[in-house]
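I opened this model to go through its helices and sheets one at a time. My notes follow in the order I looked things up.

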Amino acid sequence: MKHNIPLKPCATAHFGIFPATFRAGRTLSLTILFSVFFAASMSLQAAAQPNVVFILTDDQRSDAVGYHPKPLLGIKTPNIDRLAQEGARFTNMFVTSSLCSPSRASFLSGTYAHTHGVRDNFTDYPRQLQSFPMLLQQANYETAYIGKWHMGEDDDSKRPGFDYWVTHKGQGKYYDTTLNVDGKRQVVKGYYTQRVTDLALNWLQQRDSQRPFAMVLGHKAPHGPFIPEPKYEKTYDHVRVPYPTSAFDLKTKPQWVTERLDTWHGIYGPLYGFRKEFPDTSAKAMLDFERFVRAYTATINSVDDSVGRVYAYLAQTGQLDNTIFVFSSDNGFLMGEHGMIDKRTMHEESIRVPMVVRYPKAIPAGTVIDEQVLNIDLAPSLMELTVGADMPSAQGLSWAKLAMGKASKWRESWLYEYNYESQFPYTPNVRGVRTDRWKYTQYPHGDGGPLRHMEELYDLKNDPQELNNLAHNPGFKKQLKKMRKQLAAQLAQTNANPDHMPIDQGIKEALPEESIR
């Protein structure tokens with residue numbers, strides 16, 4: 001039976017095993033023996049309840065892993081692949097807001113951005129909002145957050161729900177980041193991916209072994225500007241990386257897509273600093289694009305090394321099979337598709353992320369989950385798998401039974417949302433709905449009035465690359481009307497109404513302030 005508040009062992013339960021004469025005359029011995037029995041009880045409880053390791057990357061698209069049918073640039077990620085082989089891989093894993101902070105808050109809380117309130121990259125996670133680490137901490141788990149937090153741009157202070165805390169302000173740097181290590185700020189020399197992994201392993205070695213643990217390890221990679229480790233910086237130099245064909249097939253797209261081409265988030269723009277002169281539509285500009293994609297991909301090789309190091313430590317200490325090991329990313333990343341760089345939009349490259357979960361006690365090796373799973377599903381799933389508890393505050397669904405191979409009714413559609421950012425004025429407000437086959441997207445102005453941008457409608461079965469927008473095709477008028485109704489229903493069902501959003505101020509070419517890039 002599930003229960004909302006996990007039960008802790010009762011200390012008095014052991015008194016009945018001692019004879020009355022012993023209890024009366026040997027108080028000190030009793031105290032010592034009781035302590036031993038109580039410690040043993042807690043140790044057994046820790047062994048019974050699974051640990052949690054959640055490794056989260058930044059901007060890693062779904063094909064940037066080796067196990068993908070068509071891995072980006074042929075990338076090899078043997079350690080991430082091993083998790084997939086020994087556990088479950090989610091072939092249709094999506095984020096409900098393709099932006100770092102809103103998505104991270106959704107992973108932790110199990111709620112949509114309009115519910116948790118982290119609608120942009122400058123809003124902190126609400127300190128009273130439940131998260132799975134907070135609930136596990138209340139259930140006697142020892143908890144840690146190590147690495148990139150990225151909620152509350154200028155604040156690296158310790159957040160509720162974590163016993164151990166290591167993070168930094170803003171984006172952090174690939175080398176020599178100033179970290180807040182459990183209250184003490186210090187420059188940690190070296191490559192970010194390796195240093196946060198060192199800190200994670202140090203914590204695992206020193207933590208209280210009598211308690212189960214939950215650790216979140218947040219990587220900077222592969223967020224731009226991309227700086228690979230020296231050992232990986234030339235890994236993809238032999239791979240040609242042409243512009244994707246969809247970059248030039250924009251005739252059915254909204255006008256704002258074309259307006260974005262020369263901006264920070266456009267294919268002819270500065271490419272996070274990899275292109276010094278822009279906009280550049282010349283043939284030689286593709287060489288900048290090649291370096292951009294190669295560097296992005298190479299940073300992920302170091303992440304795979306990190307996964308391998310954590311896996312090896314858990315295996316060596318006998319904790320691996322009692323650990324729910326999750327790997328995923330906060331959002332995808334457009335690499336020139338539809339003429340776009342970055343994320344934020346509802347196109348597949350932006351909203352799809354990798355996710356694998358290893359937990360052999362409940363998830364058979366080689367499990368493949370094709371259902372549409374969302375970032376808001378992680379928190380309730382972990383609560384079910386760890387302490388057998390529901391998470392009433394979550395809006396997501398637990399995929400625990402799906403992963404166990406037990407038939408379960410699943411969602412047929414879901415809501416996507418993004419709010420226009422004046423600091424990054426390259427994408428309008430976005431509201432959309434996706435089913436297994438259809439995707440509908442609209443771009444509200446924010447004043448409650450009629451739409452001012454063209455809608456988008458795609459038949460993903462016949463057009464998985466979203467090349468042919470059917471929104472104004474007379475033959476799909478009924479389907480368009482149906483999807484509009486589905487979007488309205490999703491907004492109502494998820495308590496998004498009234499649907500507040502900023503006013504769309506249009507696409508602008510000005511670069512974002514350097515510290516927030």
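**Helix 9 and what surrounds it**

I started where helix 9 ends: Gly-318 follows the helix, and its phi is positive, near 75°. For the record, I number residues from 1 along each chain as its sequence is written. This is a predicted model, so I keep in mind that local features need pLDDT of at least 70 and side-chain atom pairs count only at pLDDT 80 or more, that totals for chains, interfaces and linings use all residues, and that side-chain values use heavy atoms, with hydrogens and water left out.

Helices (H or I, at least four residues) and strands (E, at least two) are DSSP runs, numbered from the N terminus. Helix 9 covers residues 285-316, which is 32 residues. I read 48 Å from its first C-alpha to its last, close to the 46 Å expected at 1.5 Å a residue. The expected span is 1.5 Å times one less than the number of residues.

Why do I call helix 9 largely enclosed by the rest of the structure? Because 25 of its 32 residues are buried. Buried means under 20% relative accessible area, exposed over 50%, and partly exposed in between (1.4 Å probe, protein chains only).

**Helix 3 against helix 9**

Next I checked helix 3 (residues 78-86). It packs on helix 9 at about 55°, with the axes 7 Å apart. Helix 3 is therefore oblique to helix 9. Angles under 35 degrees count as roughly parallel, over 145 as roughly antiparallel, 65 to 115 as roughly perpendicular and the rest as oblique. Axes are lines fitted to C-alpha atoms, for helices over the stretch in contact, and angles run from 0 to 180 degrees between N-to-C directions.

On the helix 3 side, the contact residues include Ile-80 and Leu-83; on helix 9 they include Val-307 and Tyr-311. Contact means heavy atoms within 4.5 Å. I list Asn-79, Ile-80, Asp-81, Leu-83 and Ala-84 as the buried residues of helix 3. They pack against strand 2 (88-90), helix 9, strand 9 and strand 12 (355-358).

I traced an open sheet of ten strands in the order 7-6-5-4-8-1-9-12-2-13, with mixed pairing. Two strands pair if DSSP finds at least two bridges between them. Strand 7 (184-191) and strand 13 (367-369) are at the edges, each with a single partner strand, so one side of each has no neighbour in the sheet. The twist averages 15° from one strand to the next.

Strand 9 and strand 12 pair antiparallel over four bridges. I found Phe-327 bridged to Val-356 in strand 12. Helix 9 lies across strands 1, 7, 8, 9 and 12, running at about 175° to strand 9.

A second look gave me an open sheet of four strands, 15-16-17-18, with antiparallel pairing. Its edge strands are strand 15 (413-418) and strand 18 (456-459). Six bridges join strand 15 to strand 16 (residues 430-435). One partner to note: Tyr-418 bridges to Val-430 in strand 16. Helix 13 (residues 477-493) lies across these strands, at about 110° to strand 16.

**Confidence**

I checked pLDDT last; it is the predictor's confidence in each residue, from 0 to 100. The chain mean is 91, and 91% of its residues reach 70 or more. Confidence is lowest in helix 1 (residues 20-25), at a mean of 31, and highest in strand 9 (residues 323-329), at 99.
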